[in-house]
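Hi everyone, thanks for coming. Let me put the structure up on the screen, and then I'll walk you through a few parts of it.

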Amino acid sequence: MSRGLTATGIEVAFGGVHALRGVDVAVEPGKVAGLIGRNGSGKTTLFNCITGFVRPTAGRTTVDGVDVTSLPPDRVVKHGIARTFQTPRVDPRATVLSAVLCGFYSRVGASFVGSLLGVPGAWREEQRLHRRAEPILERLGLAELRGREVGQLSMGLIRLVEVARCLASGARFVLLDEPAAGLTAAEQERLAEQVRAVAASGVGVLIVEHNIGLVRSLCDTATALETGRVLCAGTPEAVVRDERVMRSYLGAIGDLAATEAAA
Amino acid sequence: MSFPGQRYLGPRPNTLIIAVCVLVALPVVLTRPVWTDSAVVLGVYALLGLSVGISYGQAGILTMSQGAFAAIGGYAAAILTTRFGWPPYADLLVAMALPAALAYGVARLVTRLSPLATALATLALGSVIEILIRNADALTGGYIGLAGIPSVGAINTPAGYACLAWGMIVVTVFLYENLMCSAYGRALNVLRVDQARARADGIDVPALMSAGFAVSAAVAGAAGWLYAHYISFLSPESLDTHISISALLMAVIGGAGYILGPIVGTLLFDGLTRLMPAAELQGFFYGAALIIILLAARTGILGLLAGLARRLRRPDATPAPRAANLSPQESLP
Amino acid sequence: MLAIAEYVVRGALSGAIYALLAVPMSLMFVTVRTIDFAVGAYALIAAAVCWSVGGALGLAAGLGAAMACAAFMAIIFLALKRLGCEDHIIYALASFGLATALASLVLWWWGTQAFVRDAFSDPWSVGGIRLAPQGVINFALILLLVGALHLLIQHTSLGRMMRAAAANQTGAALASIPVQGIQVGTYLAGGLLGGLAGLLVLYSAGLDFTAPLGLTLSGFGAAIIFGIGSPLRGFFGGLAMGIAQALAAGYASAMVAGMVPFLFVLLVLTTSRFGEEALAGGRP
């Protein structure tokens with residue numbers, strides 16, 4: 001069967017409103033796929049659909065050939081799909097280390113009662129998790145911050161912590177929802193570097209992004225959505241230069257540019 | 001520095017603190033009968049406070065039924081020992097398991113709702129249990145109650161009970177801290193702040209919340225068991241809604257999100273109540289204190305202290321360099 | 001057959017009180033997305049003050065006292081908001097504290113006695129069914145009030161603003177609708193309606209210092225049975241609860257009747273999808 005994360009013919013309707021109408025998107029291991037489109041074009045709905053938060057009315061999602069359509073979110077994670085949210089909501093008192101440790105949840109072997117009683121097995125596993133979190137923190141350059149409270153970090157760092165958390169879940173595919181929103185240029189560059197490194201380690205990344213420059217420099221493929229349909233898909237260059245995308249994405253400015261060009 | 005059991009207690013600061021405090025304070029308390037009696041009653045309240053801490057502070061379930069869970073534990077103890085002749089420590093298991101099972105079942109049904117709806121469900125559950133206890137004359141003795149509950153084995157003096165009560169508290173804090181230092185404890189904190197994030201982490205939210213609530217109910221049941229054996233008499237007024245409310249208030253005032261917060265709240269509050277002129281006004285002071293603490297320090301007294309400590313450690317640190325609207329629920333302790 | 005009819009009618013009459021309490025509950029839930037636990041306490045304060053003062057002046061004094069308590073709650077709410085608290089459960093907790101404090105004040109000042117007054121001594125008899133005159137008056141008054149409120153919410157600009165603020169607070173604020181003012185108004189309305197309920201209970205069944213929490217919960221139960229969205233649904237919810245309670249008292253036992261409001265709350269909460277949107281955490 002095909003390797004990678006594929007969503008084919010995804011349709012979602014809320015009441016009478018069609019949020020997605022036959023969307024196809026694919027992510028290969030080790031590659032970064034971009035998802036662009038105006039607000040309300042269905043990017044986040046597609047994310048919600050793939051991760052099980054929203055049930056599609058039609059279409060299917062597979063991970064390396066395994067059907068995960070309509071599984072609840074907590075089961076989807078076990079198939080190696082992790083995600084971040086557009087607006088991270090964090091427990092301000094949690095430390096960076098514990099936020100990353102949270103990502104291990106789906107792989108914890110100790111039982112609830114065992115953890116409560118502090119049986120040696122649970123104890124050892126906890127120490128093992130701490131050891132396994134270290135390389136992830138190192139990889140994303142968060143090792144120095146492991147003891148800091150998440151509430152004290154900048155938005156850019158919080159988003160990096162969220163990425164680290166996804167990696168901790170052992171995800172083979174990571175879905176990032178506008179990770180660069182509200183970040184400074186330097187922070188964006190740092191994030192892009194980390195995402196590249198993550199992909200280089202064999203993880204497939206699907207990323208929603210508004211920053212065209214970032215999409216160009218980061219993504220291997222791109223898909224543009226408009227009002228729940230795929231407008232066009234291909235290499236980032238081709239998609240970004242596509243006239244329909246320009247018009248949809250840039251809206252009035254695109255029209256203006258086109259008019260000026262015609263004149 | 002090293003001490004026996006360091007490997008286990010080293011990363012368990014709260015257990016260490018409470019164990020040392022109990023070891024230091026108990027010998028002093030036991031020198032006076034009045035203090036000893038207070039220590040037992042306070043122990044029961046502190047256990048109930050801890051049960052609120054687990055449920056509200058960690059799992060985010062604002063519980064108003066802890067008194068009812070304690071009553072179930074107490075009546076289970078009373079009925080098993082007086083009617084069925086069970087030895088008075090074997091009944092502890094039932095006294096904990098019964099409320100836990102009930103809490104788990106109800107929580108499975110209501111935790112998919114908003115936190116507010118869940119809180120109301122616990123209030124309704126507590127009220128139903130109270131009415132049932134009042135009316136099940138054949139089993140609970142109705143309004144008259146049950147008398148002659150035997151003492152726990154060799155422990156039959158107030159001093160013995162004080163040691164038992166605070167020993168139970170140390171053990172509870174140890175287990176509680178174990179849980180919070182595990183993946184499940186962290187997961188509870190995640191789902192309290194953001195259920196969507198919790199589900200994306202792979203957490204079965206209703207199941208885990210219910211498990212947390214069940215643990216909380218088991219602790220409340222243990223408190224009821226202790227109360228029944230110590231007082232040796234149980235009536236519907238012993239452990240009622242009033243107790244649920246006090247336990248909730250004490251936990252919030254001390255800092256429900258901190259493991260030792262409810263114990264601090266209980267000790268402080270009891271001290272204040274003793275200074276009060278009229279017993280009728282107790283509720284007034286409780287309510288006023290709750291409102292004041294919500295306005296002045298939403299994370300409770302321990303939250304206030306922790307904030308002060310943080311500022312002392314890093315005097316130059318700006319208090320909140322984080323983005324607005326980052327965590328709408330941060331107000332939860 | 002006559003017995004059933006009598007139970008139903010009596011239940012409907014007593015259920016009107018729940019219906020009245022349901023109104024502030026649903027208003028509060030819709031506009032502030034929280035619960036004012038103190039509504040039952042406003043009722044108790046109104047009843048106690050009216051009982052002490054007596055006469056028409058007593059009615060006004062009772063309502064005034066209830067409104068004053070509600071105003072205090074509104075101030076707490078505003079203060080919490082000013083301090084940056086957006087957690088609705090904290091508002092509920094604060095109102096819970098106020099309810100506890102108020103009940104305790106009543107206990108301290110008036111003691112454990114029940115507050116009850118009778119304006120009529122002889123029951124009316126309609127078609128063989130004996131009716132308490134006060135119950136009929138309560139029912140008529142409440143029906144009138146709920147009807148008027150329903151019209152107010154559905155057909156006036158104030159009502160439109162309330163509904164807009166309820167549907168989307170940010171959007172409403174952007175449309176220069178005074179969201180905060182409406183929320184404060186809702187707290188005050190809770191005092192007025194809660195106080196009124198207290199007065200009506202004073203002249204019918206009576207109440208004591210233990211009543212507030214039960215009254216609050218009954219009002220909430222009535223509000224959610226048919227969906228918390230509108231006062232009219234709350235009205236029918238209250239009637240349904242009253243009738244169920246009367247039937248339970250007649251055919252089962254006083255114990256079951258006492259449990260009816262709580263069982264309603266549990267039943268509705270465990271079976272409905274009430275508040276389930278919260279699970280998505282308001283995520284887009």
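This is a predicted model: local features need pLDDT of at least 70, side-chain atom pairs count only at pLDDT 80 or more; totals for chains, interfaces and linings use all residues.

Residues are numbered from 1 along each chain as its sequence is written, and chains are lettered from A and ligands numbered from 1 in the order in which they are written.

Let's look at chain C. Its secondary structure comes to 11 helices and two strands; helices here are DSSP runs of H or I with at least four residues, strands are runs of E with at least two, and both are numbered from the N terminus. Along the sequence, the pattern reads α-α-α-α-β-β-α-α-α-α-α-α-α. The radius of gyration of chain C is 19 Å, close to the 19 Å that the globule rule gives for 284 residues, so chain C is as compact as a globular protein of that length. That radius is taken over C-alpha atoms, and the rule is 2.2 Å times the number of residues to the power 0.38.

Now, who does chain C touch? In chain C, 44 residues are in contact with 43 residues of chain B, where contact puts the C-beta atoms, placed from the backbone, within 7 Å. Helix 3 (55–82), helix 4 (88–110), helix 9 (211–225) and helix 11 (254–271) of chain C each supply at least two residues of that side. Helix 4 of chain C gives the most, with 15 residues.

Over to chain A. Its mean pLDDT is 85, with 94% of residues at 70 or more; pLDDT is the predictor's confidence in each residue, from 0 to 100. Chain A has an open sheet of four strands in the order 2-1-4-5, with antiparallel pairing; strands pair if DSSP finds at least two bridges between them. Strand 2 (17–27) and strand 5 (66–67) of chain A stand at the edges, each with a single partner strand, so one side of each is left without a neighbour in the sheet. Five bridges join strand 1 (residues 5–14) of chain A to strand 4 (residues 58–63) of chain A, and Thr6(A) stands opposite Thr62(A) in strand 4 of chain A.

Key
Two residues are in contact if their C-beta atoms, placed from the backbone, lie within 7 Å.
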